[in-house]
Amino acid sequence: LGLNKGDVKYPDLVAQYHMDGNWNDSSGNGYNGTGVNNPGWDDADKIAGTHAGSFDGVNDYVKISPSAIVANNPESTIEAWVYPTALGATKAIYTENISGGVVFWLAIDANSKPLIGIWRTDITGNWVTATSSLCITVNTWSHIVGTFGPDGMKVYVNGVLTGSNPNVLPSNASIIEARIYR
């Protein structure tokens, strides 16, 4: 989703969440979120700022008002710092559900491997993913980045390319909702 340094706004930045006690978009683009099922704040387990978002791993999430954040862009990057306290089940970090049966997803799979994926109802097998060859560990901060564009999908862990897939499926639809998870 880009970079943001202080008051400098980068033109390609779509949304950024500092999670400093609220779910507001720090990019200035107005993609503010609303906590659903009581996601909370963690003052101890954070990298920067005053808080980290804290989610129960069951049903907490942040809903972002409907808008095409990732969909309808020929190239996008989704990134997040994550601090999982448990692994072993697939956990979504970011999902964007699009009308017509398309989902964009940044997640950690049941084998503790980050992935970026696109799901479509109109293709056989439905999922196209790029999955990391490396696992992340519990109680450790990891920087996970998923990209997609004309050269396919890529997933990075802590700045290292750990998985790729040359296939990507285009989308041209309207967004239903976007969610952010930890």
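Pairings and contacts around strand β12

Strands β12 and β13 (residues 152–157) run antiparallel to each other and are joined by six bridges. The model is predicted, so local features need pLDDT of at least 70 and side-chain atom pairs pLDDT 80 or more, while totals for chains, interfaces and linings use all residues. Residues are numbered from 1 along each chain as its sequence is written, and side-chain values use heavy atoms, without hydrogens and water.

Q: What makes β12 and β13 a strand pair?
A: Two strands pair if DSSP finds at least two bridges between them, a strand being a DSSP run of E of at least two residues, numbered from the N terminus. β12 and β13 have six bridges, so they pair. Gly-149 stands opposite Gly-152 in β13.

Q: Why are β7 and β14 called edge strands?
A: The open sheet has four strands in the order β7-β12-β13-β14, with antiparallel pairing. β7 and β14 (160–165) each pair on one side only.

Q: Why is the pair of Phe-104 and Phe-148 called stacked?
A: Rings of Phe, Tyr and Trp (its six-membered ring) pair if their centres lie within 6.5 Å; planes under 30 degrees apart count as stacked, over 60 as edge-to-face and the rest as tilted. The centres of Phe-104 and Phe-148 are 5.2 Å apart with 25° between the planes, so the pair is stacked. Phe-104 lies in strand β9 (residues 102–108) and Phe-148 in strand β12, 44 residues apart.

Q: How do you know whether Phe-104 and Phe-148 are buried or exposed?
A: Buried means under 20% relative accessible area, exposed over 50%, and partly exposed in between (1.4 Å probe, protein chains only). Phe-104 has 3%, so this residue is buried. Phe-148 has 7% and therefore counts as buried too.

Q: Why do Lys-154 and Asp-151 count as a salt bridge?
A: A salt bridge is a side-chain nitrogen of Lys or Arg within 4 Å of a carboxyl oxygen of Asp or Glu. The closest N and O atoms of Lys-154 and Asp-151 are 3.2 Å apart, so the contact qualifies. Lys-154 is partly exposed because its relative accessibility is 22%.
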